[in-house]
Amino acid sequence: MRVFEPAGHGSSIEGLWRAAATGRLSHALLFEGPRGIGKFAAALWFTAGLLCRAGPGRPCLVCPGCKQLAAGDWRGGHADFLRIDPVEEGWDEIPVSAIAERAGERSSVQSLSSFLSLKALESDRRVVVVREAERLNEHAQNALLKTLEEPAPGTVLVLECSRPLELLPTVRSRTVRLAFAPPGRAVALAVLEDAGAPRSTAEALVELTDGSPGESLRLLRQGADSMLELWDRIFAPGSDTLACAGALWELEGDFGDGSALAVSRRRLALFLELGTALVHRARRVAVGAGAEESAQGAGAGALAALVRDGERAAAVRFHRLVDRRRDVDHNLDPGAVLELALLDVRAGARGLP
Ligand SMILES: [Zn+2]
């Protein structure tokens with residue numbers, strides 16, 4: 001299991017280790033904040049510092065505790081650590097069997113309650129991290145309440161969650177909530193550039209995701225780069241907009257599983273979101289609230305054309321693209337929505353109301 005210090009969240013975690021060192025650490029923590037900003041990585045880093053033989057504090061990464069945690073597959077190899085991870089398990093929701101056994105049922109995973117019923121083996125703590133805790137179904141949350149009410153000594157439970165309102169109020173109220181903010185534009189840009197994104201792509205994605213490095217990386221993997229290039233072609237002088245539109249259906253990218261229609265909808269939704277983000281940026285540049293930094297790379301040509309048309313055209317385009325994005329959710333035909341969106345974008349250039 002990979003454990004690393006997540007950019008921008010070090011001081012929050014150090015505060016928690018200090019609390020642990022002085023016996024003031026709550027047994028249940030809720031790491032909340034937008035998706036993809038490093039909350040889960042922070043939860044694992046925090047865990048490492050609790051299970052480090054020299055801890056609580058910054059993990060040394062060389063002691064047996066640190067080595068065991070980092071060993072093995074995504075579950076980690078430390079006997080006092082349990083990771084409940086719907087992403088790795090491929091679960092849409094976290095079933096109650098991940099939290100507690102029901103009489104007469106056998107489960108393929110170790111449950112949280114059976115894990116916590118064992119004594120700590122390697123350290124004096126037992127740490128459970130639940131990734132995307134908003135995916136706990138209601139039965140699982142009710143089972144979790146029991147643990148939150150009567151924790152065994154040394155228990156530390158971390159719930160990582162980007163939609164805390166989907167947790168039962170009774171669960172939320174039994175945790176100490178820590179709000180994580182995006183680590184900042186510069187960090188997000190660096191993460192994307194490390195992943196091989198050209199500067200202008202990175203800037204567009206950071207804008208689109210409000211500075212979330214994880215969400216930006218996801219979009220990059222989905223082929224956002226080639227979609228931004230398609231927006232460049234659409235805005236190139238003398239381009240045949242509708243001919244460009246057809247190219248959208250040919251672009252490579254991971255748009256998930258499901259029917260051809262569902263995949264087309266996700267492809268179109270991403271394309272429209274990227275267009276909306278470009279228009280939003282152009283609007284800010286046009287009113288002097290943003291810098292037009294990218295002179296080259298994917299999306300730069302479209303951005304320059306949008307900026308040239310001015311704030312009014314950008315405003316019209318923005319609202320129309322937002323409406324078309326909504327049409328995708330309303331299950332209208334993807335091909336028709338795409339053509340309407342591109343006609344709207346052209347109308348925006350003439351400043352139509
Ligand atoms: Zn260590």
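Is H9 buried or exposed? H9 is buried, because its relative accessible area is 3% and the cut-off for buried is under 20%. Before I go on, please note that this is a predicted model.

Let me stay with H9 for a moment. This histidine sits in the segment before helix 1, and helix 1 covers 10-21. Leaving aside residues up to four places away in sequence, H9 touches I37, G38, A42, F180 and A181.

Now the overall picture. The protein has 353 residues, and 51% of them are buried. The secondary structure consists of 15 helices and five strands. If we take the contacts between residues at least 6 apart in sequence, 69% of them join residues at least 24 apart.

Next, the metal. Which residues are the protein donors of the zinc ion? They are C52, C60, C63 and C66, each through SG, lying 2.3 Å from the zinc ion. Along the chain, these donors follow the spacing C-x7-C-x2-C-x2-C. The angles among the four donor atoms run from 104 to 118°, and the site is tetrahedral. For reference, the ideal angle for four tetrahedral donors is 109.5 degrees.

Two of the cysteines can be set side by side for accessibility. C60 has a relative accessibility of 33%, so C60 counts as partly exposed. C63 has a relative accessible area of 11%, so C63 is buried.

Helix 2 is 39-51 and helix 3 is 64-70, with P56 in the loop between them. The peptide bond from G55 to P56 is cis, with omega near 0°. L61 lies in that loop between helix 2 and helix 3 as well. What is phi of L61 near? The value is near 70°, which is positive, and L61 is a residue other than glycine. With a relative accessible area of 46%, L61 is partly exposed.

E132 is found in the loop between strand 3, 126-130, and helix 6, 138-149. Why does E132 count as buried? Because its relative accessibility is 11%, and buried means under 20%.

V109 has its place in the loop between helix 4, 86-89, and helix 5, 112-117. Its relative accessible area is 16%, so V109 is buried. Not counting residues up to four places away in sequence, V109 touches E89, W91, S97 and A98. One distance to go with that: V109 and L192 are 83 residues apart along the chain, and their C-alpha atoms are separated by 35 Å.

To recap, the zinc ion has four cysteine SG donors in a tetrahedral site. H9, E132 and V109 are buried, while L61 and C60 are partly exposed. That is what I have.

Conventions: Residues are numbered from 1 along each chain as its sequence is written. This is a predicted model: local features need pLDDT of at least 70, side-chain atom pairs count only at pLDDT 80 or more; totals for chains, interfaces and linings use all residues. Side-chain values use heavy atoms; hydrogens and water are left out. Donors are N, O and S atoms within 2.8 Å of the metal (3.2 Å for Na, K and Ca); water is not among the atoms, so sites may look incomplete. Four donors count as tetrahedral if all angles lie between 85 and 135 degrees; four count as square planar and six as octahedral if opposite donors are over 155 degrees apart and all others between 65 and 115; anything else is irregular. Buried means under 20% relative accessible area, exposed over 50%, partly exposed in between (1.4 Å probe, protein chains only). Helices (H or I, at least four residues) and strands (E, at least two) are DSSP runs, numbered from the N terminus. Contact means heavy atoms within 4.5 Å.
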